[in-house]
Amino acid sequence: MKNQRLPERAVQTVHESASRDTDEQVLLRLEWTVLRRLDGLLQGDYRTLLRGFGLDFAGLREYQFEDDVRHIDWNVTARMTAPYVRQFSEDRDMNAWFLVDLSPSADFGSHRESKRDVAVRFVATMARLLSRHGNRTGAMLYGSTVDTVIPPGSDRRHVLHLLHGMRHRPVLGAVGPTQLAVLLQRAAATLKRRSAVFIVSDFISEPGWEAPLSHLAQRHDVVAVHMTDPAEQTVPDLGLITMEDPETGDQFFVDTGDPTFRERYVALAAAQATHIQRTCARYGAGFLPLATDQSLLDQLVRFAQTRRRQPQQRQSGKAAA
């Protein structure tokens with residue numbers, strides 16, 4: 001099943017009105033309204049949001065009685081006179097990367113916030129949560145290509161740097177269809193150490209991102225953060241209107257009074273969301289939907305609760321990859 005590209009409605013974005021606060025004010029508000037409450041609700045167990053904490057390959061030793069036979073390294077054993085097993089050590093810290101799609105469709109918002117606004121708050125919240133526990137966070141920002149790479153850092157000033165880089169990027173005009181695969185391929189080529197990887201995107205993209213997602217998920221703990229706006233899920237009866245794709249600039253007339261058109265629009269939106277979620281499940285990636293009209297805190301807590309209920313995945317396979 002191929003990913004369906006949805007038309008974007010020509011609605012004035014509300015992103016500009018949210019840019020008056022300083023980066024420090026935005027982060028401070030998140031620390032008090034989201035981070036503090038999230039810490040309490042998770043009872044300090046922030047690792048329930050991630051699966052990146054696991055086992056790293058530490059070395060080889062000769063097989064001993066009661067060793068797990070699944071850890072036997074058969075390539076080394078074939079060259080030696082006795083079987084050898086792989087040893088693993090527990091991760092004490094980790095790198096987290098945010099792959100953020102800031103193509104023109106990210107600046108769409110039919111409510112108080114645009115998808116970019118919600119993406120900024122999500123990245124700032126998670127980066128601050130992780131950095132407070134000694135972990136490092138970095139980012140790759142995509143507009144029409146991967147134009148900004150922010151190396152991992154671990155202090156509050158670094159989180160402000162991430163926040164500034166996302167909030168103060170200029171709004172792009174029509175630059176052509178999003179190629180999400182380019183962002184994922186760049187990440188796979190760049191990230192050498194096993195990391196937590198958050199793909200923050202509305203996934204309104206040309207097809208072909210599924211294979212790079214699979215490649216990333218083989219080694220890293222991947223979470224697809226699906227940004228949505230309610231106006232992209234349904235369309236009201238407004239009669240004959242002009243719709244515009246913000247990424248290509250293409251305009252076309254549609255009759256929203258036609259119930260068949262409205263039903264097809266809803267079906268395409270539902271099919272896209274289902275495709276993203278099923279693709280993540282197929283390749284072992286997490287799936288976190290974030291809507292512009294819902295509480296960020298509530299959505300993060302629901303995601304953590306879902307991850308807690310799921311059986312823990314063994315990380316030794318990824319460490320050996």
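The legends below describe several close-up views of one predicted protein model.

In this predicted model, local features need pLDDT of at least 70, side-chain atom pairs count only at pLDDT 80 or more, and totals for chains, interfaces and linings use all residues. Residues are numbered from 1 along each chain as its sequence is written, and side-chain values use heavy atoms, with hydrogens and water left out.

View 1. The secondary structure comes to 9 helices and 10 strands, where helices (H or I, at least four residues) and strands (E, at least two) are DSSP runs numbered from the N terminus. Of the 321 residues of the protein, 50% count as buried; buried means under 20% relative accessible area, exposed means over 50%, and partly exposed lies in between (1.4 Å probe, protein chains only). Among contacts with a separation of 6 or more, 78% come from residues 24 or more positions apart, a contact being heavy atoms within 4.5 Å. The accessible surface comes to about 15400 Å², of which 51% belongs to carbon and sulfur atoms, with areas from the Shrake-Rupley method and a 1.4 Å probe, and for residues only the protein chains shown count as cover.

**View 2. Strand E10 and its partner E7.** Strand E10 (residues 286-291) is largely enclosed by the rest of the structure, because 5 of its 6 residues are buried. Strand E7 (residues 221-228) runs parallel to E10 and is joined to it by 6 bridges; two strands pair if DSSP finds at least two bridges between them.

View 3. Side chains of opposite charge can pair when their charged atoms come close. A salt bridge is a side-chain nitrogen of Lys or Arg within 4 Å of a carboxyl oxygen of Asp or Glu, and by this rule the protein has 10 salt bridges. In this view the side chains of Glu24 and Arg156 meet at 3.0 Å, N to O. Glu24 lies in helix H1 (residues 23-42) and Arg156 in helix H4 (residues 156-167), so the pair ties together parts that are 132 residues apart in sequence. Glu24 is partly exposed at 36% relative accessibility, and Arg156 is also partly exposed, at 23%. Both residues belong to a network of salt bridges that links Glu24, Glu31, Arg128 and Arg156.

**View 4. The salt bridge between Asp202 and Lys115.** The side chains of Asp202 and Lys115 form a salt bridge of 2.8 Å, N to O. Because Asp202 lies in the loop between strand E6 (195-201) and helix H6 (210-219), while Lys115 lies in helix H3 (residues 115-131), the pair ties together parts that are 87 residues apart in sequence. Asp202 is buried, with a relative accessible area of 5%, and Lys115 is buried too, with a value of 2%.

**View 5. The surroundings of Asp229.** Asp229 sits in the loop between E7 and strand E8 (240-244), and at 0% relative accessibility it counts as buried. Its side chain is joined to that of Ser110 by a polar contact of 2.5 Å; such a contact is a pair of N or O atoms within 3.5 Å, and within protein one must be able to donate a hydrogen and the other to accept it, while residues adjacent in sequence count only if both atoms are side-chain atoms. Leaving aside residues up to four places away in sequence, Asp229 touches several residues, including Phe108, His111, Lys115 and Thr292.
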